[in-house]
Amino acid sequence: MFIESPQTLFFLEALIFASVIFINIAKKNSFAVFLYMAQSFVVAFLLFNSSLKESSFTLMLVALSVFAVKVIVAPYFFRNLINKHQLKFSVSTYLNGPMTLVILAMLTAFTFSSFFQPLSILSQENFNALLLALSTMLISVFVIINRKGALSQMIGILSLENAIVSFAFLSGLEQNAGPQLGIVFDILVWVIIATVFASMIYKQFGSLDVSMMKNLKEE
Amino acid sequence: MLTTISSSTIFFISLLLFGIGAVGSLVLAKSDKWANVAGSVFAVSGSISGLVSSLSVLIKNSVFSFNFDLLAPLLSVSFRVDRLSAFFIFVISLIALVASIYSLGYVKHFYNKYNIGALGFFYNLFLAGMLMVVSAHNAIFFLVVWETMSLASFFLVIFENKEKSNLRAGYLYFIMTHIGTAFIIMAFLLLYRSTGSFDFTVIKNSMGEVSLLVKNLVFVLALIGFGTKAGIIPVHIWLPRAHSAAPTHVSALMSGVMIKTGIYMFIRIFMDMMTGIPVWWGVVVLVIGSVSSLLGVLYALTEHDIKRLLAYHSIENIGIILLGLGSSLVFWASDMKSLAVLGLVASLFHTLNHATFKALLFMGAGSVISQTHTRNMEEYGGLIKHMPQTAFFFLVGAMAISALPPFNGFFSEWATFQSLFYGIKSLSVSVQWVFLLGAGSLAFTGGLAAACFVKAFGAIFLARPRSEEAKHAKESAVTLRIAMAILAALTLVIGFFASYITSVLATVASSVRALGFAEPVFSSAAGAFSLKDGFATVSMPTILFSIVAALVLAWIVLKIINRQAKIKIERTWDCGTNLNGRMEITATGFSRSIITVFRGLLKPTKQTDVEYHDADMRYFAKSSAVHLGIEDIYLNNLYKPLQALVARLAAHVRKIQLGNLNVYVLYIFLTLFALLILLAF
């Protein structure tokens with residue numbers, strides 16, 4: 001009925017990891033949003049699976065909330081933003097494609113190095129999936145660093161959050177339903193505010209490229 | 001048991017009254033009069049309660065403590081009033097009582113100009129803050145109340161906010177007080193690291209586990225941190241500006257008692273918490289005391305702003321207090337506890353004395369300022385005719401601060417001298433020279449203080465008025481004179497009962513752990529204060545009666561000699577010209593010769609302006625003026641270079657502040673990486 005084999009969990013985590021890799025190299029904003037939606041879907045699925053395993057209604061509520069907020073509401077807001085301001089193509093990155101891939105490879109290698117061996121005490125059987133979740137976290141941060149578009153950065157932040165949730169899930173560090181629902185609500189509010197801000201920034205600067213926002217700088 | 005309960009209850013009632021006064025002033029802020037009445041009356045009541053509570057502890061030794069743990073594990077509201085705390089509560093309450101009586105009349109001249117409700121609020125908060133500072137028994141709680149006191153006093157300094165100079169003074173005070181607080185926090189954190197607690201008793205009991213290095217670091221940090229509040233040189237630069245900017249009754253409190261909270265913490269940390277201190281701590285305190293006392297009085301001599309002059313005298317007197325404290329530290333470190341008691345008693349006695357005569361002098365100055373609307377002494381003159389009572393009270397204060405018998409200042413300086421002389425007599429050559437320096441500095445200080453107050457009294461009250469305001473000045477309001485009269489009487493009473501007060505202060509000194517169970521080297525009996533081996537003796541009542549007898553005798557002799565003489569009142573010979581204020585010696589002129597003697601230290605600046613009737617011919621001067629000032633060597637040689645260094649560093653640091661979110665996240669990312677790698681090793 002529910003999934004608990006380490007191989008399947010590793011596969012699902014690999015999907016999350018792959019989505020963030022593609023977010024890094026995606027050229028179109030709409031594709032990045034789609035990748036985030038897919039990533040969130042996997043996270044919601046993991047939580048849903050956990051609720052079945054625990055036979056907990058509240059956990060199922062959490063999974064449904066995550067699904068509603070991350071898979072439906074957030075992408076909806078982002079797509080509206082893209083359509084409203086014709087943001088079909090994402091803004092440029094600081095590093096080119098090959099260099100980006102090199103950094104991603106280095107970050108992944110770093111997380112699989114001996115530095116993180118002590119994490120095995122968290123979960124021996126899901127250790128590789130844990131390291132993959134850690135890589136996803138670092139690569140999500142790298143999305144925020146490398147991409148100039150505000151929308152990509154927002155997706156990077158949300159992807160980081162997904163990575164943290166999956167890490168917590170795999171290591172058995174999930175919180176009770178109350179805090180998890182609170183976090184989901186927090187993300188919902190953040191998405192709304194961030195979208196409104198992004199819209200206002202576009203109106204002010206005519207672009208969502210953060211490197212173009214010079215007028216607020218002290219000359 | 002009953003005494004213990006009542007003294008603690010009275011103490012908390014005192015805090016409650018200050019709280020009611022603060023809130024009451026704000027509630028009644030729409031009416032200046034009622035806001036002032038509420039602020040002052042509750043401050044008076046709170047001060048009386050503080051006095052009663054502290055006297056109970058001082059006389060009956062009914063030490064009390066109170067502890068209330070808040071939700072935060074490290075923060076507990078913890079009070080402990082032992083004899084040392086009680087002594088400082090007594091001094092604070094005494095001056096607060098008189099200052100609050102004074103404020104009833106003094107604040108009137110702020111009506112319809114400034115927010116009296118805010119003044120009453122911050123004034124009461126300031127008083128409560130000071131009482132809590134000297135009774136707090138937990139480092140975190142101490143920092144909270146220390147900040148309360150500092151912020152309340154900051155708002156009082158900028159109360160007259162229409163004057164830009166006051167805002168600048170407040171800004172400087174705010175910065176300096178927080179620099180000091182930063183050092184204090186570091187000192188407490190070091191103690192916490194070594195003892196695992198912020199509770200003063202636990203710190204005290206765990207002092208054996210603290211290494212000498214940590215003790216030395218705590219000493220240096222506390223010396224800078226609390227020294228900034230006390231106004232020691234060279235971290236004094238806020239003091240003359242802030243004390244002169246505040247309303248007079250607040251100046252009296254800041255100068256008279258607030259700076260003493262720094263001294264209280266010196267004693268609490270160095271002598272009550274610490275054990276096994278090295279001799280050099282005392283030597284450092286003695287050197288700072290010598291420098292502060294001498295330079296403080298020299299800077300005072302150069303001032304013609306009356307409140308700044310008095311503020312500089314606070315630095316001088318803090319120096320004198322430190323001479324007593326420093327000698328006590330040296331004696332204690334040299335295992336001469338009996339002599340250490342003498343040094344500490346001299347220090348505490350001068351703390352009390354300075355509070356009384358400095359508050360008196362500030363109040364006298366405030367009365368004059370309220371009539372003349374200027375702080376510039378060059379625009380006073382002849383005020384003794386218009387304000388005779390104020391002049392008398394100011395003269396009493398001036399004599400007390402100049403250490404003239406029979407007033408209280410004489411006794412504490414005499415006791416400080418004895419402590420220094422004992423050091424010269426008893427200690428090794430390597431330490432003797434510091435005591436010699438201290439004694440020499442104190443001797444100089446006494447003489448220069450007398451010269452400074454001859455200048456101040458002469459320029460303010462004698463000769464002819466030098467401005468229209470001075471010509472039309474009137475005697476100050478009754479409440480102002482009552483407050484000054486109380487303090488003037490106190491300077492005499494404290495002087496008269498010096499011997500008895502010394503015995504009380506000896507119990508305070510002995511209550512400090514460093515000097516516990518030490519037999520003092522002095523005895524007090526029948527009004528006389530004697531050092532046990534016949535080193536020196538003084539009897540203040542005898543001095544007073546001798547002076548009175550000499551005055552009466554002189555009066556009788558004069559009466560006998562002049563009994564046949566007729567009194568003729570004639571005009572003073574004026575060389576054929578009309579006498580006016582411009583012919584008098586000015587405050588600047590009076591001090592010029594002394595400044596010239598000390599020009600190496602003071603770096604005087606002189607500017608001469610001459611305006612001619614005919615600029616081409618330049619024979620007939622229309623007017624000429626000499627502006628004598630002194631270079632602010634601390635500002636120019638310490639603070640400005642420091643500021644420039646900080647600005648340069650900030651400019652470099654600013655380069656990493658690019659205003660780009662990507663870069664900031666990169667910083668976080670790199671830091672995270674660095675921490676991970678650090679963790680791995």
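How many nonpolar, polar and charged residues does the lining of the second largest cavity have? In this predicted model, that lining has five nonpolar, five polar and one charged residues. The second largest cavity holds about 50 Å³ of space and is lined by Trp146(B), Tyr173(B), Met176(B), Thr177(B), Gly180(B), Thr181(B), Ile184(B), Gly225(B), Thr228(B), Lys229(B) and Trp238(B). Two or more of the lining residues are given by each of helix H6 (164-195) and helix H8 (212-230) of chain B, and H6(B) provides the largest share, six residues.

Over the whole structure, the search found two cavities of 30 Å³ or more. By class, the lining of the largest cavity comprises four nonpolar and six polar residues, with no charged residues.

Side chains of opposite charge can pair when their charged atoms come close. Across all chains, 11 salt bridges were found. One of them joins Asp632(B) to Arg241(B), with the closest N and O atoms 3.4 Å apart. This pair links distant parts of the chain, 391 residues apart: Asp632(B) lies in the loop between strand S7 (621-630) and helix H25 (633-654) of chain B, and Arg241(B) in helix H9 (residues 238-245) of chain B. Asp632(B) is partly exposed, at 23% relative accessibility, and Arg241(B) is also partly exposed, at 23%.

Other salt bridges lie within a helix. Arg268(B) and Asp272(B) occur in helix H11 (residues 260-273) of chain B, four residues apart, or about one turn of the helix, and their closest N and O atoms are 2.7 Å apart. Arg268(B) is buried, with 2% relative accessibility, as is Asp272(B), with 5%. Both residues belong to a network of salt bridges that also links Arg80(B), Asp82(B) and Lys204(B). In helix H19 (residues 468-471) of chain B, Lys471(B) and Glu468(B) are separated by about one helical turn because they are three residues apart. The closest N and O atoms of their salt bridge are 3.2 Å apart. Lys471(B) is partly exposed at 43% relative accessibility, and Glu468(B) is partly exposed at 46%.

On chain A, a nonpolar surface patch of about 640 Å² is made by Phe185(A), Val189(A), Ile192(A), Ile193(A), Val196(A), Phe197(A) and Met200(A). Val196(A) lies in helix H7 (residues 177-205) of chain A and is partly exposed, with a relative accessible area of 45%.

How values were computed. Residues numbered from 1 in each chain as written. Chains lettered and ligands numbered in written order. Predicted model: local features only at pLDDT ≥ 70, side-chain atom pairs only at ≥ 80, totals over all residues. Heavy atoms only, no water. Patch = residues over 30% accessible without salt bridge, like charges linked within 9 Å, V, L, I, M, F, W, Y side chains within 5 Å. Areas by Shrake-Rupley, 256 points an atom, 1.4 Å probe, with all protein chains shown as cover. Salt bridge = Lys/Arg side-chain N within 4 Å of Asp/Glu carboxyl O. Buried < 20%, exposed > 50% of the residue type's maximum accessible area, 1.4 Å probe, protein only. 1 Å grid on protein atoms, 1.4 Å probe; cavity = no way out; pocket = protein on both sides within 12 Å on 5 of 7 lines; lining within 4 Å. Points joined across faces, edges and corners; volume = space filled by probe spheres on them. Nonpolar A, V, L, I, M, F, W, Y, C, P; charged D, E, K, R; others polar.
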